[in-house]
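Below is what I looked up, in the order I got to it.

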Amino acid sequence: MIKTDLHMHTVYCDGKNTVEEMVRSAINKGFNCVGISGHSYTCFDESYCMSRSDTEKYKKDISWLKRKYAKKISLLCGIEQDYYSDEPTGDYDYVIGSVHYLKINDSYIPVDENAEILKKASEKYFNGDIYALCELYFETVSDVVTKTKANIIGHFDLITKFNEKDKLFDENNTRYISAWKKSADKLLKTGKVFEINTGAISRGYKTKAYPSESIINYIKENGGHFILSSDAHSADTIGYEFEKYEKYIDDVMIEL
């Protein structure tokens, strides 16, 4: 089983456990390397992210725990940098680049809060055309590496979080497929690794990981690579269902 997990959250943002509790759990699960990746500060929505003052505490906490557990596990200090965050990232070990919002005029629309928000946004801004909303999402995602300087591309099709059984849109629709392929093609040129993210499974939103199997296969067929990420928000979900997705992972080194 793969024993590296670089996407997890703590009480510094919207997680349930402390950094040390996450590290201890990872050690108990037999992990060799883990990274904590707190949500970067976004001034327009402070409900889920680290504050600027907590960001500094977060870095110091991880630095101390790196030394404390050095003989038991390799601990990295990462950041999940939102596309619309302007916080500096130069002093982290790695960056996960993610799109959690659509910016329309002066409004920031969260894509992973609930289905009703997406429905209303579709009606308000796109005359009910949900595929136009999806196209804007993937257009934004296509630029996430350039904008965030990410090493890892986070949950590529996060827009499907509430789309089990095609509740919001048909993932086989030609416009939807065209949108994600165009985005994937642009990101593949960056050479950055994508994550297979099991976080929505552990939290009960989905039955399968991000991205979908068809997207995974397309990215692999076009030379892309993946790592496994649990997106753990609690200590018990580190490495969640990794065994189901190991077949997609190559033995590649990530440039951190």
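**Entry 1: what covers α1**

I began with helix α1 and found that β2, α2 and β3 are among the elements covering its buried residues. Helix α1 spans residues 19-28, and its buried residues are V19, E20, M22, V23, S25 and A26. For me, buried means under 20% relative accessible area, exposed means over 50%, and partly exposed is in between, with a 1.4 Å probe and protein chains only. The covering is judged by contact, that is, heavy atoms within 4.5 Å. Helices (H or I, at least four residues) and strands (E, at least two) are DSSP runs, numbered from the N terminus. After α1 comes G30, which has a positive phi near 85 degrees.

**Entry 2: ground rules**

I noted that this is a predicted model, where local features need pLDDT of at least 70 and side-chain atom pairs count only at pLDDT 80 or more, while totals for chains, interfaces and linings use all residues. Residues are numbered from 1 along each chain as its sequence is written, and side-chain values use heavy atoms, with hydrogens and water left out.

**Entry 3: the sheet**

In what order do the strands of the open sheet stand? I read β1-β2-β3-β4-β7-β8-β9, 7 strands with parallel pairing. Two strands pair if DSSP finds at least two bridges between them. β1 (4-5) and β9 (226-229) are at the edges with a single partner strand each, so one side of each has no neighbour in the sheet.

I then zoomed in on β7 (residues 152-153) and β8 (residues 193-197), which run parallel and are joined by 2 bridges. I153 has F194 of β8 as its bridge partner.

Helix α2 (residues 52-68) lies across β2 (33-39) and β3 (74-82), and I have it running at about 160 degrees to β3. Axes here are lines fitted to C-alpha atoms, for helices over the stretch in contact, and angles run from 0 to 180 degrees between N-to-C directions.

**Entry 4**

Next I looked at β5 (residues 101-104) and β6 (residues 107-110), which run antiparallel with 4 bridges between them. Y101 sits opposite P110 of β6. Is N105 buried or exposed? N105 is exposed, at a relative accessible area of 64%.

**Entry 5: two helices crossing**

How do α3 and α4 cross? The axes of α3 (residues 115-126) and α4 (residues 130-141) come within 8 Å and cross at roughly 100 degrees. The two helices, α3 and α4, are therefore roughly perpendicular; on this scale, angles under 35 degrees count as roughly parallel, over 145 as roughly antiparallel, 65 to 115 as roughly perpendicular and the rest as oblique. I listed L118, A121, S122 and F126 on the α3 side, and I130, A132, L133 and L136 on the α4 side. By class that gives 7 nonpolar, 1 polar and no charged residues. Ala, Val, Leu, Ile, Met, Phe, Trp, Tyr, Cys and Pro count as nonpolar, Asp, Glu, Lys and Arg as charged, and the others, Gly among them, as polar.

I looked up G199 in helix α7 and found it buried, with a relative accessible area of 0%. Leaving aside neighbours within four places in sequence, G199 is in contact with S230 and D231.

The loop between α7 (199-202) and α8 holds P211. The peptide bond from Y210 to P211 is cis, with omega near -15 degrees.

Which residues of α8 (residues 213-221) are buried? They are I215, I216, Y218 and I219. Down the axis of α8 they fall within an arc of 165 degrees, so they line one face of the helix; the arc is that of the directions from the helix axis to the C-beta atoms. These buried residues of α8 pack against α6 (174-188), β8 and β9. Just past α8, G223 has a positive phi of about 90 degrees.

**Entry 6: β9 and after**

I227 is in strand β9 and is buried, at a relative accessible area of 10%. In the segment after β9 I found E241, a residue other than glycine with a positive phi near 55 degrees. E241 is buried, at a relative accessible area of 17%.
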